[in-house]
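Let's work through a few exercises together, one step at a time. Keep the picture beside you as you read.

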Amino acid sequence: MAVSDNVRLVRDEIGEACRRAGRDTNEVRLMAVSKFNELPLIEEAAAAGVRLFGESRVQEAVRKFTGFRERMPGVELHLIGRLQRNKARVAAGFFDCVESLDRVELVQELGRIALERTAVLPVLFELNSGEESKSGFRDEDALCAGVEAALAFGGLLPSGLMTMAPFTDDEKPVRDAFRRLVKAQTRLRRSFPECGWDCLSMGMSGDFRIAIEEGSTLVRIGTAIFGGRQ
Ligand SMILES: *Cc1c(COP(=O)(O)O)cnc(C)c1O
């Protein structure tokens, strides 16, 4: 199937999930996760109307997106993979948002660097959802410590939360992981009302319907748009 057909199908399914949940389709942004996929396919997704892309590696993103973004001014690019501290400077200069803030040391490094940017850097805090995924803050208390560290630097703009649900066909642990993120959002809204917590980045190809039912505002879709990876 062509990428454009896949984009249309995913959009239809997002619409379906929103209707089931009694939500407005406009509340859910579609991100095409383009890691491992090259520019021709990324351009197809953009031609099908996708304006938000996600990459998990800094160098790969810079290689693929540098010229493309100049040609496509409306395109937004988020980092969704684990960021090493020695790549924080490049990342802060290149991405529109870092969704994968997962530890205090990274927050501090990125916070120092983000001060050099002319605009603040929007960031999401990643919550670890269990054994399968190693990245992310462990629990709500750890998240709060991460947010406090971020607020010590003026250059970071906390904008919401991100999580990856466990990879399983069993719906229960997946739904539980998304509910944990919503619960964490409620606490952060109360503890840090000066920040915006509206973005809930949750849901991938296999579980975005459940994520939307649980309140996702941004779904990160790779294989359902680009096909299987090599
Ligand atoms: C790869 C990746 C995705 C997309 O996964 P698919 O199952 O291919 O849709 C989403 N989020 C993160 C953090 C990823 O690393």
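Helices (H or I, at least four residues) and strands (E, at least two) are DSSP runs, numbered from the N terminus. This is a predicted model, where local features need pLDDT of at least 70, side-chain atom pairs count only at pLDDT 80 or more, and totals for chains, interfaces and linings use all residues. Residues are numbered from 1 along each chain as its sequence is written, and side-chain values use heavy atoms, with hydrogens and water left out.

**Exercise 1.** Find how many helices and strands the protein chain has.

Solution. Counting the runs gives nine helices and eight strands.

**Exercise 2.** Check the radius of gyration of the protein chain against that of a compact globule.

Solution. First, take the rule: 2.2 Å times the number of residues to the power 0.38, with the radius taken over C-alpha atoms. For 230 residues this gives a value near 17 Å; the protein chain has 17 Å, so the two agree. Next, look at the spans of the C-alpha trace along its principal axes: about 45 × 40 × 30 Å.

**Exercise 3.** Describe the aromatic pair of F125 and W197.

Solution. Start with the rule: rings of Phe, Tyr and Trp (its six-membered ring) pair if their centres lie within 6.5 Å; planes under 30 degrees apart are stacked, over 60 edge-to-face, the rest tilted. The structure holds six such pairs. In the pair of F125 and W197, the centres are 6.0 Å apart and the planes make 50 degrees, so it is tilted. F125 lies in strand β5 and W197 in the loop between α7 and β7, so the pair ties together parts 72 residues apart in sequence. Finally, both F125 and W197 are buried (under 20% relative accessible area, with exposed over 50% and partly exposed in between; 1.4 Å probe, protein chains only).
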